[in-house]
Structure formats: C-alpha cells, structure tokens
Amino acid sequence: MKTGIYLIILFAVVATAFTFSSEFKVSGKVVDRVGNPISGAGVVIKGTSTGTSTDSEGKFKLTTPSDKSVLVISAAGYEQVEVKAALSPLIISLKQARLAVQEVVVGALTKRRMVGAPVKDQLARQLYNPGYSRIQNGLAHAPANATTDTNVSSVEDNGFDREGYGHIVENRFQRVTTTPLSTFSIDVDAASYSNVRRMINEGRIPPAGAVRLEEMINYFSYDYPQPSGNDPFSVNTEVGICPWNNQHKLLSIGLQGKKIEATHLPASNLTFLIDVSGSMNDPAKLPLVKAAIKLLIDQLREQDRIAMVVYAGSAGLVLPPTSGTNKIRIKETLDQLEAGGSTAGGAGIALAYKTAKENFIKGGNNRVILCTDGDFNVGLSSDDALVRMIEEERKSGVYLTVLGFGTGNYQDNKMQQLADKGNGNHAYIDTEEEAKKVLVKEWGGTLFTIAKDVKLQLEFNPSFVQAYRLIGYENRLLAKEDFNDDKKDAGEMGSGHTVTALYEIIPAGLKSDFTDSVDELKYQQPITNRTAKNSSSNEMLTIKLRYKQPNADESKLLVHTVAANKGVSVTSSNLRFAAAVAEFGMLLRNSEYKGNGTLSLVKELASGALGKDQEGYRKAFIGLVDKTMSLNKNPDVSKAR
C-alpha cells in the first residue's frame, strides 16, 4: 500500500517537474532580406494573444508553453511568417509585402480600400513611383544620384488609419516692447517622440499634429546638477548661438528633479485600468500591455499595492488591491486577460478612481495607470465629458498616468488631454524596450511626483532682446495672470525627471523678417525715453518659477536671472543635443522657423553632443535621423505641404 502511495507521489512530482520544464524560452532577431533590423515587429504565439514586439535592434525574447509552439511574425510592409519555437535562437528574415491599391498592411491589421480608390499611403506611393529604384526595410530609397541630404518631405495623409491628433498652432516671435512676459506650464510627457519614432520605423513621415517639440526634447535626459537646497529641483540656464540661424541666440532652461532612491520612495497604491476591448486585439496592444505591466510588477515592494480594473463593453475589478510581494498572483491575473467587445472607457475610469480612492494611502503614491489605444466608443466617450470627469477626480489626490499602445486607431489627442487634466503624464509604448524605459529605468519619474503645478514666467529686457519665441509648449501656454493664481492647474514633475525648454531669441537692434512691422503707438513711451531700471541692467531676462509640494495648496516662488553677457562661445552637450532634437522636430513639421536647418545639420549637431548616453538613447536618435533621410523624397521641404 505504502509503495503504491510513494509511486503516485513520485509520478505527481515528475509530472509537475515536466510541466514546469515544458516552458520554452525563445529569443531571436527579425530582419529584412538584406539584414537590416525591423523594430516594432509583432511576435505572437499562434492561437493565443500572448506575444511581444521587437526592440530597436530587431531583437525579442518570449516564453512559450513548449518547444512545439509556433510563432507568428508580422510587421508593417512585410509578409507574415510562422516559425517553430524549437529553432531558437532565431534569425527571421521578412519578405517585402506586395501592396495592392485595394489592400494595404498596417501593423498587424489589414485594411481594405475600394478598387480604384487613390493610393495615399506613403509606402504605396513609393512602390508605384518609378523614381525609386529599390525598397529596403519597408522604406523607399532614392537612386544613388538623388538628393536625400537636405530637408524632410512631408506626406501628411493617414488614409489607411484613423489615428487622432490635435492641430498645433506654432508659437510665433513676440516683440518684447509689446509682450515682455512669457508664461507656460512645464511638460514632462515624452509620448510624441516614441510615437514619431514608430511612424518613421513604419516608413512614413508623421503628421504635423503628432510632432510636439517639447515632448521630443524631453524624451531625453540631460546632465543637470541635482538640487542642493530644500527645493525639489535645480534651475539651470545656458545661452548659445542658434544653430539654424546664427544671427539669433538660443536660450536653454533646464530643471533637474531631485532623485529619490527606490528604497526611500513612498508606498504605492496603483490601480491599473486596462482596455481589453476588441480594438486591443493586436500584438502591439494587449500583449505588449501585459509585457509592460510585468516589468513594473517586478519592481513592486511589500508596501506597494496593485489592483486591476478592465473595461470592454462594461468595466470590472479583476484584481483587488494586492501586495507587491504576491507577484505570481498578479501575473496570473494579467495572463488571463483577453481582448474583445466594444470600449466603455468612461465606466472604466470611474471604477478605477473609485478603487484607488477606497484604498488611498495617506502620504503615498496614489495613481491610476490607464493602458489603452484611447479608442473609447461606448458610454461616456466624448473628450469634453471625459476631461470633466478627470478634472473632478484629481481633487481626490489620485494622479493619472496614461500609457498609449498600438497603431491604426491610436487617439493621441484624447490621451494627452486626459493626462494633462489628471495631474499626470503620458507615454507611448511601441516596444518592450520602451516599456522598460518608462516603467523600470524611469520608474521614479513616471510614477512619483515631487512637485506639482510647476509654472514659469520669463520677463525679457528690451535693451538686449528684440523678440523671442518659445519652442514648443503650445498646449501649455498660460495667461500672465495665471502665474500667481494657485488655483490654475499646471504640470507635475517626477523624481529624477529633467525638463528642458528652449527659446529662440532675436537680439536687440537686429533687422529681422520675423518681427512684423507695427505702427508706433500713440500713448506709449518709446524705449529710448523710459526711465525704467532695465536700461542700466546687465540682465537679459528674469525667470520666475512657482511650484507646490505634492500635498500642498500654496505655491512657492523662485527667481533666477540670466546675464546679457553670458558666454556663448562654448556650449554644453545639453544645449547642442536639445537644439538638434528641436530642429529635427521643426523639419518634420516643416516649420516656418526651421531656418537653415537640414537633417545633415541635425545629425552633425547630435553626433557631437552624445554626452554620457549610458542607455544609448541619443545614439538611437541619430539612427532615427538616418532613417528619416531615407524617407526623404523631395529635398525642397517648402513645397511639400
């Protein structure tokens, strides 16, 4: 009898061991037919929604149920293939898809058009353009004698998708004599850069509304000193020659948030709000959401709690608040999620905030983290209604982080509005590598607020500055009266975050086409007759900042001045690299202020300003510039729009 029991136990142990050992780890690289890596390619276990996507080097890692599993590999502009996991490590070469007018592959989705409809997609245009000799890595490359060195040609047509982007009215130059004050809120979002990168990797120039210059610049960290006093951030300024117009100056304002070590961060009460509607059934959506959240789960501590709310046709709580030590249970809940149904985003947001408030940690990090493509279509879904809900909920002290996923129907404008109004931030995740950046490497900055309602107000001295232009931050501009109004909402800053703002400055006395001629005012004293103290001052400008502690209602004022004789002969890698990214964004937008900038200038400027670049993000930016050069069809950008 005992022998039989032992045999049964032994059989169970062996069976269990076999079950665990049957899991098979797969790694590989996805490339095109000439060996160029394909980033953002979907890698999914056949018959499931479990998968991942390739990083910027085309590499991926995935755990499959067994070595008999089959992987489905798909990428925009390439034919889908299936490979056996048992062959790992894999080198998967994708063949260029043959695109017809009536069917174009976008990501993992196939969208059909009527026969005879115009071919609007850039990739399709290039395929039918006899001026291009070859297709490589999903991009059209010009013949050897073509010019691809100067500017960016723009194709602003998204005929094969319905992604939503807001219209941006670019900041103009302001005369100091009539508008001496410039007031704006900080912005630590970086979604625009990773989204723009995704589009370029897909082989198309992004629409102008997707290119927010401040988010492009602030995707990167800068080497500013840590704050030394009681304030949560340091203030750093630098003035140099403007690279795209050497008669102008470029002012950099850099804020460095105090970095708090992970062991000293307050306890977290995190409520994930996960979109599991039908629109999330794509390798770059729900499977990537799962992979991203698992990276965050691995960072959780015993004092941290995590809950999960999902929404499709309706919303529900699938994981009550659970300690960060119970990682297996949290991941098992995550693995059970499947996509299907319509999208009741408003109901999900309401339930997520309710859950977060019921488990509120006083003095802790209380936050809702929304993971979605933003395509709400059931219930409370209008932008105005959702924004009003978020504005009301933020009064509870619960912050909002918005993580965007996917292509084809990504509602960028809606996501940005929700994050801005929810005292939060917005990131776009296109690969596991980006998820690691946002949720692991920049964990503190993404999820832990050290200062809220951070505003800046600059006063320029007309003795030295004729006109100025804030580069980017168009949706963060404030009225001058808002600066002293503590009821006015502004941006938040996270632990270790850097924030950079650039101003292009036209020096006093310089003849410029950017300053429109205005008749002399009848009742105002001209500058030559003023007795104001600015005429004898050596200050080019004064910067005032206001911020609140995370739990405070009253702001604190900081004042910083910039001398007119501040050296401009040698500039730091911080200023040069930020200038390179700004110029890149202006070229993508075909900005009227791009000056003499070219992609070659961008690359040269960035290459000489790599700095420490420990994570390789700046080097990867140079690679993105190279890819953009390969997309350039018309060297005369002024005729592109």
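Q: How many residues does α5 have, and how far does α5 reach from its first C-alpha to its last?
A: In this predicted model, α5 has 12 residues and reaches 16 Å from first C-alpha to last. That's close to the 16 Å expected at 1.5 Å a residue.

Q: Is α5 mostly covered or exposed?
A: Mostly covered, with 10 of its 12 residues buried.

Q: Which ones are buried in α5?
A: L286, P287, L288, V289, K290, A291, A292, I293, L296 and I297.

Q: OK, and at what angle do α5 and α6 pack?
A: About 170 degrees, with the axes of α5 (residues 286–297) and α6 (residues 327–335) 10 Å apart. An angle over 145 degrees counts as roughly antiparallel, so α5 is roughly antiparallel to α6.

Q: Which residues meet there?
A: From α5 you've got K290, I293, K294 and I297, and they meet K327, I330, K331, L334 and D335 in α6.

Q: What's that contact like by class?
A: The contact of α5 with α6 has 4 nonpolar and 5 charged residues, and no polar ones.

Q: Switching to α13: which residues are buried?
A: In α13 (residues 599–607), the buried ones are L599, V602, L605 and A606.

Q: Why are they on the same side of α13?
A: Because they cover an arc of only 125 degrees around the axis. In general, an α-helix has 3.6 residues a turn, so residues three or four places apart point the same way.

Q: And what covers the buried residues of α13?
A: The cover includes α12 (573–589) and α14 (617–631).

Notes: Residues numbered from 1 in each chain as written. Predicted model: local features only at pLDDT ≥ 70, side-chain atom pairs only at ≥ 80, totals over all residues. Heavy atoms only, no water. Axes fitted to C-alpha atoms, helices over the stretch in contact; angles between N-to-C directions. Helix = DSSP H or I, 4+ residues; strand = E, 2+ residues; numbered from the N terminus. Parallel < 35°, antiparallel > 145°, perpendicular 65-115°, else oblique. Contact = heavy atoms within 4.5 Å. Nonpolar A, V, L, I, M, F, W, Y, C, P; charged D, E, K, R; others polar. Buried < 20%, exposed > 50% of the residue type's maximum accessible area, 1.4 Å probe, protein only. Arc of directions from axis to C-beta. Expected span 1.5 Å × (residues − 1).
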